[in-house]
Amino acid sequence: ERRAAADAGFAQHEVAELREAFNFLCHGSAPILGIEKLRQAVDATRRSVSSERLHELLEQYDREGKGGLNFEQFAPFIREILDMRPGGIDRRERAQPAEP
């Protein structure tokens, strides 16, 4: 667990906070975060991520195809989210043309 968080670039003191956030989102359910809980985590970071991109990230980190992320998968997922510009758009998303 600590290794997964450290590999994702989290400092030792951040691992406990990350675990606390993960446990809060799980609150009483299986230790897997599905798409709805991942959306809550992303929204809490104030990053703008489309539903399509969120599903892509879930697929990228959910290597077993269980439909959600455990803590070891959540750590790199949230690191990728945190590396996005706050309040901005995911750098991988293309700008959508404005409606007339």
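Because the model is predicted, local features are described where pLDDT is at least 70 and side-chain atom pairs count only at pLDDT 80 or more, whereas totals for chains, interfaces and linings use all residues. Residues are numbered from 1 along each chain as its sequence is written, and side-chain values use heavy atoms, with hydrogens and water left out. The mean pLDDT, which is the predictor's confidence in each residue on a scale from 0 to 100, is 84 for the protein, and 85% of the residues reach 70 or more. Over residues 91-100, however, pLDDT stays under 50, and the model has eight contacts beyond four places in sequence for them, a contact meaning heavy atoms within 4.5 Å. Where pLDDT is low, the predicted coordinates should not be read in detail.

The protein contains five helices and zero strands, where helices (H or I, at least four residues) and strands (E, at least two) are DSSP runs numbered from the N terminus. Of the 100 residues in the protein, 38% are buried; buried means under 20% relative accessible area, exposed means over 50%, and partly exposed lies in between, with a 1.4 Å probe and protein chains only. Among contacts between residues at least 6 apart in sequence, 58% join residues at least 24 apart.

The largest nonpolar core has 26 residues, and those with the most contacts inside it are Leu18, Leu38, Phe74, Phe77, Ile78 and Ile81; such a core is a set of buried Ala, Val, Leu, Ile, Met, Phe, Trp, Tyr and Cys residues joined through side-chain atoms within 4.5 Å. Two or more residues of this core come from each of α2, α3, α4 and α5, and the largest share, six residues, comes from α5. In soluble globular proteins, nonpolar side chains tend to be buried together.

Helix α3 has Ile35, Leu38, Ala41 and Val42 as its buried residues. These residues lie on the same side of α3, because they cover an arc of only 115° around the axis, the arc being that of the directions from the helix axis to the C-beta atoms. On the other side of α3, Glu36 and Ala44 are exposed, while the cover over the buried residues includes α2 (12-26), α4 and α5 (71-82). Thr45 is placed in the loop between α3 (35-44) and α4 (51-61), and this residue is buried, with a relative accessible area of 14%. When residues up to four places away in sequence are not counted, Thr45 touches Ile78, Ile81 and Leu82, and Ile78 touches Phe10, Leu18, Ala41 and Thr45. Just after α3, Arg46 takes a positive phi of about 65°.

Six salt bridges are present in the structure, each being a side-chain nitrogen of Lys or Arg within 4 Å of a carboxyl oxygen of Asp or Glu. One of them joins the side chains of Arg53 and Glu80 (2.9 Å, N to O). Arg53 lies in helix α4 and Glu80 in helix α5, so this pair ties together parts that are 27 residues apart in sequence. In another salt bridge, between Lys66 and Asp62, the closest N and O atoms are 3.6 Å apart; Lys66 is partly exposed at 36% relative accessibility, whereas Asp62 is buried, with a relative accessible area of 10%.
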